Amino acid sequence: MESIRETSERAWNGDKVVVVEPFIRPGEIHEVVPGIALVSGFGLSIGVQTGDGLVVIDTSGRNHGEAVVAAMRTWDESPVRNVVYTHGHFDHVGGMPSYDADAERRGHPRPHVIAHENLPPRMARYAQTAGYNATINARQFLSRPVAPPQMVANFASPRLPDETYRDYHVFEQGGVRFELRHGKGETDDHTWVWIPSQKTICAGDFFIWRCPNAGNPQKAQRYPAEWAQALRAMAAHGAEVFIPSHGSPIFGNARIQQALTETAELLESLVSQTIELMNRGVRLDEIIHSVKAPQHLLERPYLWPLYDEPEFIVRNTWRLYAGWYDGNPATLKPAAEASVASELAALSGGASRLVARARELVASGDLRLACHLAEFAFLAAPGDPEVRAARSEVLRARASSEASLMARGIFNAAAAETEDASA
Ligand SMILES: [Zn+2]
């Protein structure tokens, strides 16, 4: 079997199979360096041996919990004393009940869970909006408009932390020191961990082997500028081993520095371009169409825009620093979308004219404009079978032209809406 260092080498050199697919199989355990191992689920669960049992950083998701714990136990059977959640997303906290159950079976004390103080309120918000979160995750990951019930359950009853901290928290276990630092990035409750004795950083989702998830169209506010600050703080630590919660570890300080500072540069560039245009009074539409990510950065295998993408990060930057008004007076207190669509359909000679033009635009490669016309046609004539079919056709073409999972998921889920009902 290939060693984790060989896998890491291939990822660093842009081997698509390693970067794009799960880099190890679910339930497999790999020792990264002596005393630190990782198990793959949807997110990774990282075990650290100490002179007094294990510390676990992240637990993977609920569906992978049992397999993750079973794999961890093939490596080390000692009690799990402390668990750190890097943040409250379900693929990081969902496996905790399996670790609790394992402790109970073995007669070990229940593990002590540590997280940032914003994590419990995040959990409360997920419980309050479980249906919404399950729906958007179904769209994002499965391209389905409706969430299966187990996805709703993921957000309903999390295992909460026993202890929370605000900026910085240190604990020692069995002679090993763990330094927890808070930073905002993908979420407002993020933690990254520095293990000085091993010169190792566990980065949570500050680094995901993709363009950072700082723009997600369907989720709560992300913090791209603060994200870059956290990456630069990590880069200052002189780490030799870097373990994100998704994807391959990175070995060696030079590579770690490069990956962290270049990811920070990408975020900083998008934020500063956006703010500069905001300061000039430019409307959101013009900002979206003029801000450009530095191309050489997007070509790095750890910044490919395969999950989130720069255009969405620009929108999230606007959302963080501006109000919701986009600068277009027609959208401040708009007419109902269906009224606008009916008016346009009437002016152009009917919804069928709109879809005919949409199909021409698809053929000529202007998928952005084609989507507008297809959606106007659908809103003007939602029951028309030809319009519904054309809308799905345009959206499927759009989805297959997109690089990011988020854009593809949303376009495919929207296409399915008009296919399911007409089937
Ligand atoms: Zn994650």
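1. Two residues are taken to be in contact if their C-beta atoms, placed from the backbone, lie within 7 Å. Helices (H or I, at least four residues) and strands (E, at least two) are DSSP runs, numbered from the N terminus. The model is a predicted one, in which local features need pLDDT of at least 70 and side-chain atom pairs count only at pLDDT 80 or more, while totals for chains, interfaces and linings use all residues. Residue numbers start from 1 along each chain as its sequence is written.

2. On the α16 side of its contact with α17, the residues are Leu367, Ala370, Cys371, Ala374, Glu375, Ala377 and Phe378, and they meet Val387, Arg388, Ala390, Arg391, Val394, Ala397, Arg398 and Ser401 in α17. By class, this contact of α16 with α17 comprises ten nonpolar, one polar and four charged residues, where Ala, Val, Leu, Ile, Met, Phe, Trp, Tyr, Cys and Pro count as nonpolar, Asp, Glu, Lys and Arg as charged, and the others, Gly among them, as polar.

3. Helix α16 (residues 367–380) packs against helix α17 (residues 385–401) at an angle of about 155°, and their axes are 9 Å apart; axes are lines fitted to C-alpha atoms, for helices over the stretch in contact, and angles run from 0 to 180 degrees between N-to-C directions. The two helices α16 and α17 are therefore roughly antiparallel to each other, given that angles over 145 degrees count as roughly antiparallel, under 35 as roughly parallel, 65 to 115 as roughly perpendicular and the rest as oblique. The crossing of α16 and α17 is left-handed, that is, the near helix is turned anticlockwise from the far one by less than a right angle, whereas clockwise would be right-handed.

4. Helix α15 (residues 351–364) packs with α16 at an angle of about 160°, with the axes 8 Å apart, which makes α15 roughly antiparallel to α16. The crossing of α15 and α16 is left-handed. Among the residues that meet here are Leu354, Leu361 and Val362 in α15 and Leu373, Phe376 and Ala380 in α16. By class, the contact of α15 with α16 has 14 nonpolar, no polar and one charged residues.

5. The domain assignment of the chain, whose bounds come from an automatic or database source, gives domain 1 (4–264) and domain 2 (335–420). Their C-alpha centres lie 39 Å apart, and eight residues of domain 1 are in contact with eight residues of domain 2. On the domain 1 side of that contact, the residues divide into three nonpolar, three polar and two charged.

6. Which residues other than glycine have a positive phi? Asp58, in the loop between β4 (53–57) and α3 (65–75), has a phi near 65°, and Lys199, in the loop between β10 (190–195) and β11 (200–202), has one of about 45°. Asp58 counts as buried, with 33 C-beta neighbours inside 10 Å, whereas Lys199 is partly exposed, with 16 other C-beta atoms within 10 Å. A residue is buried if 20 or more other C-beta atoms, placed from the backbone, lie within 10 Å of its own, exposed if 12 or fewer, and partly exposed in between.

7. Gly41 lies in the loop between β2 (36–40) and β3 (44–50) and is buried, with 27 other C-beta atoms within 10 Å. Not counting residues up to four places away in sequence, Gly41 touches Pro26, Ser60, Gly61, His64, Ala67, Val68 and Gly95.
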